[in-house]
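The points begin with one residue and its surroundings and then turn to other parts of the chain.

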Amino acid sequence: MSNLCHIAFIMDGNGRWAQRKGKKRSDGHRAGADTMQDIVNICFDKGIKHVTVYALSTENFIQRPKDEIDELLVLVRQHLKHSSKHFNRLLNKGIKVEFLGDLTVFDNEILDTIKKVRQDTLDCSNGQFNIALNYGSRDEIINAVNLCVDSNTKVTQESFNRYLYTKNIPDPDLIIRTGGDIRLSNFLLYQAAYSELYFSNTLWPDFSKKELDDIISNYSSRKRNFGSV
């Protein structure tokens, strides 16, 4: 597992999990947030340096009901408060927290939370937890191209990478999507060029350490050629 530096999660299935249990969608998101806390901490305990979660896509932000988006943002604030168990576990492990996406759409309360979390974990160097909020890979790519043009920068892979939201993050080695769908849904499309992909039928709130261990074992058995023989 020594070559597994960055693992990313598409946390799909919260709403269906709630529906199957006769609960509200907000209950599914709360259960999903609890699972996220556990899985993220397990990853860092395993020595994985970078963990990225797809918390809210640009499509979600536009198309989902406002009350559902508000509930998701409440969860984000709750889990990043200094009084929260999740935030303190990350801080105690020396984990930096970063946010990927177009954050300009959020209100001042969310932006203040993001700013404070960034400041308080700035000097942490044992790993990095990346939360993709209002993130869309196509928008990220277009934004990077425009920044290159505006700065009169010749576009190379190296220069282009500097304008991505992920500019200081290695590309994901492994992307896991739960919930049964077999697609990336506009997540890290450029960065996923050589990522290993794993699609699970498990709904995200039911995703467990055992399944994560099994997936990592599967990943470790794969040969990554990166275009070579």
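1. Phe 9 is in contact (heavy atoms within 4.5 Å) with Ile 39, Cys 43, Val 51, Thr 52, Val 53, Tyr 54, Ile 176, Phe 187, Trp 204, Phe 207 and Leu 212, leaving aside its neighbours within four places in sequence. Phe 9 is also among the residues with the most contacts inside the largest nonpolar core, together with Ile 7, Val 51, Phe 99, Phe 129, Leu 133 and Leu 212. That core has 40 residues, and H2 gives the most to it, with six residues. A nonpolar core here is a set of buried Ala, Val, Leu, Ile, Met, Phe, Trp, Tyr and Cys residues joined through side-chain atoms within 4.5 Å. A second, separate core of twelve residues includes Ile 10, Tyr 135, Ile 169 and Leu 184. In soluble globular proteins, nonpolar side chains tend to be buried together.

2. On the basis of the note: this is a predicted model, in which local features need pLDDT of at least 70 and side-chain atom pairs count only at pLDDT 80 or more, while totals for chains, interfaces and linings use all residues. Residues are numbered from 1 along each chain as its sequence is written, and side-chain values use heavy atoms, with hydrogens and water left out.

3. Overall form. The protein chain has nine helices and six strands; these are DSSP runs numbered from the N terminus, helices being H or I with at least four residues and strands E with at least two. For 229 residues, a compact globule would have a radius of gyration near 17 Å, and the 17 Å of the protein chain agrees with this. The radius is taken over C-alpha atoms, and the globule rule is 2.2 Å times the number of residues to the power 0.38. The C-alpha trace spans about 55 × 45 × 35 Å along its principal axes. Of the 229 residues, 49% count as buried (buried is under 20% relative accessible area, exposed over 50%, partly exposed in between, with a 1.4 Å probe and protein chains only). Among contacts between residues at least 6 apart in sequence, 76% join residues at least 24 apart.

4. How do helices H2 and H5 pack? Helix H2 (residues 25–45) and helix H5 (residues 85–93) meet at an angle of about 10°, with their axes 11 Å apart. H2 is therefore roughly parallel to H5 (angles under 35 degrees count as roughly parallel, over 145 as roughly antiparallel, 65 to 115 as roughly perpendicular and the rest as oblique). Axes are lines fitted to C-alpha atoms, for helices over the stretch in contact, and angles run from 0 to 180 degrees between N-to-C directions. On the H2 side the contact is made by Met 36, Gln 37, Asp 38, Val 40, Asn 41, Phe 44 and Asp 45, and on the H5 side by His 86, Arg 89, Leu 90 and Lys 93.

5. Phe 106 lies in the loop between strand E3 (95–100) and helix H6 (108–120) and is buried, with a relative accessible area of 6%. Leaving aside its neighbours within four places in sequence, Phe 106 is in contact with Leu 56, Phe 61, Leu 73, Leu 111, Leu 133 and Asn 134. Phe 106 and Leu 133 are 27 residues apart in sequence and 9.7 Å apart in space, C-alpha to C-alpha.

6. Gly 13 is placed in the loop between strand E1 (6–10) and H1 and counts as buried at 4% relative accessibility. Not counting residues up to four places away in sequence, Gly 13 touches Leu 203, Trp 204 and Pro 205.

7. Glu 68, in helix H4 (residues 66–80), counts as buried at 9% relative accessibility. Glu 68 touches Arg 25 and His 29, not counting residues up to four places away in sequence.

8. Backbone points to check. Most residues other than glycine have a negative phi. Asn 152 has a positive phi of about 55°; Asn 152 lies in the loop between helix H7 (137–150) and helix H8 (157–161) and is exposed, with a relative accessible area of 72%. Ser 185 has a positive phi of about 50°; Ser 185 is found in the loop between strand E5 (174–177) and strand E6 (196–199) and counts as partly exposed at 29% relative accessibility.
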